[in-house]
Amino acid sequence: MDRPHFLTFGGKSPRIDPAAFVAPGAQLIGDVEIGPEASIWYNCVLRGDVNRIRIGARSNVQDGTVIHVDSPKPGAEEGHPTIIGEEVLIGHLAMVHGCILHDRAFVGLGAIVMDGCEIESDAMLAAGAMLTPGKRIPAGQLWAGRPAKYVRDLTAEELAGQRAGVAHYVELARRHVEAIRLTATRP
């Protein structure tokens, strides 16, 4: 069975909490840290080669997502690391680059979050949207489009659904760990 691939780069190696799930086929490179009960799904690439990537507890990075960072440079001496808080949901095939996703932020399927952006807690970037450099989505708002713009405030039901999604992916990751274990023991 294929395994996740971890690569030390620039003297820094990925650090994965023992309670996290990293699926077979995922690629984690360099200064990457994954928190407890977080899940990194099949064929994701997290490349912390020129800056750091941090992913908090119970966050979920779905299949095929690419997470990268921006290098330090004149005028931006720190560059742009990618910092993902706790209980963040990131949909399939998203591109997350040099940004901050606060606790309980949501990034939809195929969405793009560019350098210097922030998505505050309980805020959502819709599927297929592109948040252009330096934009900030305030807490409780939904933004959509290319480039992304404010659409409306999120409802209490939508926020509850996001929280239910976190619990769902924590449990689903446990089931995948078990399925992988069982597959590995078959002759």
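Modeller: Two strands pair if DSSP finds at least two bridges between them. In this predicted model, W143 has its bridge partner, Y150, in strand 20.

Colleague: What makes strand 19 and strand 20 a pair?

Modeller: Strand 19 (residues 141-144) and strand 20 (residues 149-153) share four bridges. The cut-off is at least two, so they pair. The sense is antiparallel.

Colleague: How many residues lie between the strands of that hairpin, and which residue there takes a positive phi?

Modeller: Four residues lie between strand 19 and strand 20. G145 takes the positive phi, near 100°.

Colleague: Why are strand 13 and strand 16 called a pair?

Modeller: Strand 13 (residues 106-107) and strand 16 (residues 124-125) have two bridges. At least two are needed, so they pair. Here the sense is parallel. V107 has L125 in strand 16 as its bridge partner.

Colleague: What makes strand 3 and strand 20 edge strands?

Modeller: The open sheet has eight strands in the order 3-5-7-10-13-16-19-20, with mixed pairing. Strand 3 (21-22) and strand 20 each pair on one side only. That makes them the edge strands.

Colleague: Why does I112 count as buried?

Modeller: I112 has 19% relative accessibility. Buried means under 20%, so I112 is buried. This residue lies in strand 14 (residues 112-113).

Colleague: Which residues is I112 in contact with, leaving aside neighbours within four places in sequence?

Modeller: The contacts of I112 are M95, L125, A129, M130, L131 and R146. L125 is also the bridge partner of V107.

Colleague: What separates the C-alpha atoms of I112 and V66?

Modeller: The separation is 9.7 Å, and the two residues are 46 residues apart along the chain.

Conventions. Residues are numbered from 1 along each chain as its sequence is written. This is a predicted model: local features need pLDDT of at least 70, side-chain atom pairs count only at pLDDT 80 or more; totals for chains, interfaces and linings use all residues. Side-chain values use heavy atoms; hydrogens and water are left out. Buried means under 20% relative accessible area, exposed over 50%, partly exposed in between (1.4 Å probe, protein chains only). Contact means heavy atoms within 4.5 Å.
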